[in-house]
Amino acid sequence: MTFAATVLTLYPEMFPGPLGISLAGRARDEGKWSLDTVQIRDFAIDKHKTVDDTPAGGGAGMVLRVDVLAAAIDHARAAHPDCPVIAMTPRGRPLTQARVRALAAGPGVTILCGRFEGFDERIFEGRQVEEVSIGDIVLSGGEPAALMLLDACIRLLPGVMGAPSSGSEESFENGLLEYPHYTRPQEWEGRTIPEVLRSGDHAKIAAWRKAQSEVDTRSRRPDLWERHEGARVQSASGARREKKD
């Protein structure tokens, strides 16, 4: 099954961009995923192809019109009715690796890219559009965020990464940051590869990597560590209850 990506944008020339090279580009050439762009302006209803208007209630900037957005979404949904529609917006729910993995396991995704001050709020409920954020930042438009989301999905598609297990120990896959990596030369500017990684003892190496992953997560991302600890405690509690029952 080909993963179908559709991007609704005012700047279709931005795609495939970096997705046309390396792993993603090769996977597209091999038919593992497809890309269609939809020019939102094509669905404007006046001769000037107007896609935005002033904010209701006043204020700076312009807002993308709900009727134009709805027509563009309806067009994309007719071609791929089973694909979720996602709007890239800083007001959305933070994107997680779990959500990416779920998307990659599906038929594809339709991504709505905003510009100006954003979207008319009525589009989200009126067309069942999921709001997603890539972080606590504001971009000039949703296109770079869409590229990021698609890259995260495409690399998880079957056959895109070299080994099936390539993504299983990466950051966020188990709720933690990934452990640090090293390679040759063994010594560089007085810094050496940790001895345990040169020991050949796979059990010790696995234990070291797990410990480093926990240390780094606790110090660099206390929010992730708190969620991980909470999930672990809940899981252990559930296991104890099951054993008692």
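A pocket here is an open set of points on a 1 Å grid over the protein atoms alone, with protein on both sides within 12 Å along at least five of seven lines; its lining residues have an atom within 4 Å of a point. This is a predicted model: local features need pLDDT of at least 70, side-chain atom pairs count only at pLDDT 80 or more, and totals for chains, interfaces and linings use all residues. Numbering runs from 1 along each chain as its sequence is written, and side-chain values use heavy atoms, without hydrogens or water.

Select Met-88, Thr-89, Pro-90, Glu-117 and Gly-118. They lie nearest the centre of the second largest pocket, which 24 residues line. Strands E5 and E7 (130-133) each give two or more residues to that lining. E5 supplies the largest share, four residues.

Next, pick Leu-95, Thr-96, Gln-97, Ala-98 and Phe-172, nearest the centre of the largest pocket. Its lining has nine nonpolar, three polar and six charged residues. H3 gives the most, with four.

Now go back to Met-88. Which residues have the most contacts inside the largest nonpolar core? Met-88 is among them, with Phe-3, Trp-33, Ile-111, Leu-149 and Leu-150, in a core of 30 residues. Such a core is a set of buried (under 20% relative accessible area, 1.4 Å probe, protein chains only) Ala, Val, Leu, Ile, Met, Phe, Trp, Tyr and Cys residues joined through side-chain atoms within 4.5 Å. Colour helix H5 (143-154). H5 gives this core the most, eight residues.

Notes:
Buried means under 20% relative accessible area, exposed over 50%, partly exposed in between (1.4 Å probe, protein chains only). On a 1 Å grid over the protein atoms alone, a cavity is a set of points where a 1.4 Å probe fits but cannot get out, and a pocket is an open set with protein on both sides within 12 Å along at least five of seven lines; lining residues have an atom within 4 Å of a point. Ala, Val, Leu, Ile, Met, Phe, Trp, Tyr, Cys and Pro count as nonpolar, Asp, Glu, Lys and Arg as charged, and the others, Gly among them, as polar.
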